[in-house]
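User: I'd like to learn how to read the local and packing features of a model like this one. Could you walk me through some, step by step?

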Amino acid sequence: MKITGIETFVVDAGWRPWQFTAVRTDEGITGYGEMSDMRNPFGVIGTVGEFEPILLGRDPLAVEQRYRDMYRMAIQSPGGIAGKAIAGVELALWDIKGKALGVPVYSLFGGPTRERQQVYWSHCGTSRATDHALIGEPPLRSLDDVRALGVEAHERGFRALKTNIVFPGDPASVYGPGFSGTSDLNITPALLRHIEEYIGAFKEGAGPDVEIALDLNFNFKPLPARQICRVLEPLDMLWVEIDMYDPQALAEVKHSTSVPITSGENLIGLREYRPYFEARSMDTVMIDVPWNGFARSRDVAMAAESYELNVAPHNYYSHLASMHALHLCATVPNVRIMEIDIDDVPWKDDLTGGPLEITNGELALPTAPGWGLDLDEDVARAHPWERGRGPGYRWARRGDEPR
């Protein structure tokens with residue numbers, strides 16, 4: 001079997017783009033991988049194009065060798081955009097191998113270790129704050145709406161949800177100076193009170209049996225992160241999620257609070273994760289499979305297991321990426337929970353042949369070969385992401401935060 005072509009897609013996912021790779025072979029098997037990057041989509045697919053000359057005509061079933069070929073080509077900058085492009089191709093190659101052998105990808109790695117996987121409702125409230133009209137759901141205009149959303153999550157069978165710092169209103173907004181705005185990353189007493197009230201409203205609505213996580217992203221330095229964790233300690237949080245590139249700084253936050261700390265979605269490769277493991281910087285390890293690829297994600301997960309840490313796949317992408325994450329969960333023994341977005345663009349299900357069935361907050365493992373679903377390329381082409389269009393989140397400006 002030989003690789004005969006590689007095609008990439010940048011798909012409009014409302015407030016962010018999704019990127020996919022299709023690797024084609026001379027035996028008629030096409031493998032699909034997702035490598036979505038919210039802010040540099042065309043950089044990622046452009047890098048896939050750079051790898052094409054060293055992939056065409058080669059054996060797609062020798063996945064590790066193809067990975068090494070790409071890694072050596074990007075050896076002076078193996079992470080970032082290059083790492084994501086490598087991951088997108090590698091994921092498509094595993095799909096080809098599973099299809100060629102007639103087995104799910106998790107079977108290639110000794111799975112399954114489980115039959116079902118618990119998931120949590122990610123960006124719960126965040127998406128409705130920024131794009132409720134697009135997704136066809138009620139807006140968040142008040143804390144009463146937040147309580148109602150908590151009730152909805154409970155009634156739909158979810159035992160956990162994650163949100164960001166949302167300001168209900170007309171329009172609502174999301175706090176995010178780490179991505180757009182000031183670089184000081186401080187906190188005011190009023191913002192601290194708002195976080196406590198906002199998460200408290202979710203907790204009131206969802207009830208005591210639904211765990212709540214708060215994602216702080218890159219929005220705070222260690223001191224305000226510690227202050228936020230301190231006010232959330234009475235609320236029995238699932239975790240507070242914090243992105244920091246200094247393992248010791250994150251460890252300072254973790255060791256200062258009883259709130260569980262999760263991190264790692266921004267890291268690529270075991271070399272980047274290892275200093276965080278050694279510093280005991282996190283309680284749960286987030287792994288982004290579309291950025292790391294499958295084999296490398298599993299390496300990170302098993303290394304985490306050696307440090308007595310559980311993992312939680314990072315996944316706010318399409319159903320294809322959900323399959324990447326679900327197959328990872330099916331091959332390792334140390335999973336805390338898996339992320340999935342529920343509120344999304346109306347064409348999300350069409351991209352991969354239909355909705356995923358979530359029952360009592362759990363996903364069943366697929367049994368079909370490869371990832372268990374394919375990208376509908378016609379749907380992908382019908383929803384192109386326009387070059388130069390930025391992410392659509394309406395981040396709160398500095399003047400929008402409460403005083």
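**Cis bonds, turns, sheets and helices**

Analyst: Let's begin with Pro171, which sits in the loop between β6 (166–167) and β7 (173–175). The peptide bond leading from Asp170 into Pro171 is cis, and its omega is near 5 degrees. Please keep in mind that this is a predicted model: local features need pLDDT of at least 70 and side-chain atom pairs count only at pLDDT 80 or more, while totals for chains, interfaces and linings use all residues. Residues are numbered from 1 along each chain as its sequence is written, and side-chain values use heavy atoms, with hydrogens and water left out.

User: Which residue does a cis peptide bond join to Pro112?

Analyst: Gly111 is the partner, and omega of that cis bond is about 5 degrees. As for its setting, Pro112 belongs to the loop between α3 (80–101) and β4 (116–122).

User: Next, backbone angles. Where is Asn217 found, and what is its phi?

Analyst: Asn217 is found in the loop between β8 (211–215) and α7 (222–232). Its phi is positive, about 50 degrees, although Asn217 is not a glycine. Glu308 also has a positive phi in a residue other than glycine, near 60 degrees, and its loop runs between α11 (294–306) and β12 (310–314).

User: Is Asn217 buried or exposed? And Glu308, buried or exposed?

Analyst: The idea is to look at relative accessible area with a 1.4 Å probe, protein chains only: under 20% is buried, over 50% exposed, and in between partly exposed. Asn217, at 9%, is buried, whereas Glu308, at 68%, is exposed.

User: How do I read a hairpin and its sheet?

Analyst: In general, strands of a sheet pair through backbone hydrogen bonds, either parallel or antiparallel. Two strands count as paired if DSSP finds at least two bridges between them. Here β1 (residues 3–12) and β2 (residues 17–25) run antiparallel and are joined by nine bridges. Across that pairing, Gly5 stands opposite Arg24, and Thr8 stands opposite Thr21. Four residues lie between the two strands of the hairpin, and Gly14 there takes a positive phi near 85 degrees. Seven of the 10 residues of β1 are buried, so the rest of the structure largely encloses this strand.

User: How many strands form the open sheet, and in what order?

Analyst: Three strands form it, in the order β1-β2-β3, with antiparallel pairing. β1 and β3 (30–34) are the edge strands, each pairing on one side only. From one strand to the next, the twist averages 20 degrees.

User: Which strands does α3 lie across?

Analyst: α3 lies across β1, β2 and β3, and runs at about 140 degrees to β3. α12 packs on the sheet too, touching β2 and β3, with its direction at about 90 degrees to that of β3. The angles run from 0 to 180 degrees between N-to-C directions, and axes are lines fitted to C-alpha atoms, for helices over the stretch in contact.

User: Is Arg66 buried or exposed?

Analyst: Arg66 is buried, at 3% relative accessibility. Not counting residues up to four places away in sequence, Arg66 touches Ile3, Leu55, Arg58, Asp59 and Leu93.

Terms used. Contact = heavy atoms within 4.5 Å.
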